[in-house]
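Q: Hi! I'm new to this one. Could you show it to me and walk me through it?

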Amino acid sequence: MDFPPLGHLRIASPDDVPRISVVATAAFRYSPLFEWERPNHAKYPEDTLESYRAQFLDAIQSDDHIVLVREDAYLRDENNKTAAIIPDNTGWTAPKAGEQVIVGVISIKLDPGSPHVGKLKSNNGCYLATPHSLNRDLNQRHYDEWGLLSATAKTKNRVHRHSTISMIVVHPAYWRRGHGTQLATWARDLSRMDRIPQCVSAAPMSQCLFMSLGFREIDAIVAEGDKDDPRGVKTLLLEFGREYRGEPYPHLILRWIVKITKDSLVGLVRWTQRTLNRMQVQGNEKGVW
């Protein structure tokens, strides 16, 4: 098996994007980074939704990402259990109470050279155009500064070529049901199976979860407070599989050899079967088979 068992998780598709944006907005609202980057969310909640739609749609359609979702029974009052503003025009139609809906999502950026590129993809649905956000909810300077700080920390600690958990969220109405643990555990197990290190920039609300799964702190990413927000913001850069450092390339070469051999054998079997089928058809037509 090339991947850990999905269990109750499933592969995200473009059709899921409107609902995923609702889940992301509802959950990320509790992250200090959200307040740092999106101080105008309450005034422009539709821009927040569009921003997350674009980010997750790009990841779902990108060959170097894996996006998985977790579903649960829909709660009609879920919007009352988040401090985020969820506008009416989300592009998503709520089902009947009790029907299954997406409540959690994880996006994993694969390491360069991963044998999983282009795998675990679903193209179901027609939500294909990348949404456009006006970004009026953003403090653009804070947003750009955080991107630079994050990239610098990953390069300094030599984790920029690791597998990376880009985003992981669970709607607050469905917290404490183990959904976040299932999503994070699957990502961790993929890292363990491939023997490729994995990193995540973890906000305070998720740090204990990742550390319980074996991730270890290697650095802190800190944006100092300023006149726009004197509180500043801080996350921890965590790593799983530090012991795999130094062995990725031989290991990947071996995996590629196995994959190419397997694909070649499968191709040979299929070619042989097609050839035999053609011979049988030709023999039947001539009456000699």
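A: Happy to; what follows is a short chat about the chain and its parts.

Q: Great. What kind of model is this?

A: It is a predicted model, where local features need pLDDT of at least 70, side-chain atom pairs count only at pLDDT 80 or more, and totals for chains, interfaces and linings use all residues. Residues are numbered from 1 along each chain as its sequence is written, and side-chain values use heavy atoms, with hydrogens and water left out.

Q: How many helices and strands are there in the chain?

A: Seven helices and seven strands. Both are DSSP runs numbered from the N terminus: helices are H or I with at least four residues, strands are E with at least two. Starting at the N terminus, the order is β-α-α-α-β-β-α-β-α-β-α-β-β-α.

Q: And what share of the residues counts as buried?

A: Of the 289 residues, 47% are buried. Buried means under 20% relative accessible area, exposed over 50%, and partly exposed in between, with a 1.4 Å probe and protein chains only.

Q: Which residues touch the most other members in the largest nonpolar core?

A: I66, I106, I165, W186, F210 and F215 do, in a core of 30 residues. A nonpolar core here is a set of buried Ala, Val, Leu, Ile, Met, Phe, Trp, Tyr and Cys residues joined through side-chain atoms within 4.5 Å. Several elements supply at least two residues each, among them β2 (65-73), β3 (100-109) and β4 (163-170). Helix α5 gives the most, with five residues.

Q: What does W186 touch?

A: Leaving out residues up to four places away in sequence, W186 touches F3, P4, P5, L6, L9, I66, L68, I108 and L120. Contact means heavy atoms within 4.5 Å.

Q: What about a second core, which residues does that include?

A: The second, separate core has 19 residues, including A24, F34, Y52 and A59.

Q: Tell me about A59. Where is A59, and is it buried or exposed?

A: A59 sits in helix α3 (residues 45-61). It counts as buried because its relative accessibility is 5%. Setting aside residues up to four places away in sequence, A59 touches H65, V67, S107 and K121. The C-alpha atoms of A59 and K109 are 8.2 Å apart, though 50 residues separate the two along the chain.

Q: Switching to strands: how does β3 pair with β2 and β4?

A: β2 and β3 pair in the antiparallel sense over nine bridges, and A73 stands opposite Q100 in β3. β3 and β4 also run antiparallel, joined by six bridges, with S107 opposite M167 in β4. Two strands pair if DSSP finds at least two bridges between them.

Q: How many residues of β3 are buried?

A: Eight of the 10, which leaves β3 mostly covered.

Q: Now H142. Which helix holds H142, and what is H142 in contact with?

A: H142 lies in helix α4 (residues 140-156). Neighbours within four places in sequence aside, H142 is in contact with W36, D226, D228 and D229. H142 counts as buried because its relative accessibility is 1%.

Q: Last one: what feature does UniProt place at residues 159-192?

A: The unreviewed UniProt entry places "domain: N-acetyltransferase" there. UniProt positions follow the numbering used here, feature names are shortened, and annotations may be inferred rather than shown by experiment. In the model, the span of residues 159-192 is 41% helix and 24% strand, and its end C-alpha atoms lie 16 Å apart.
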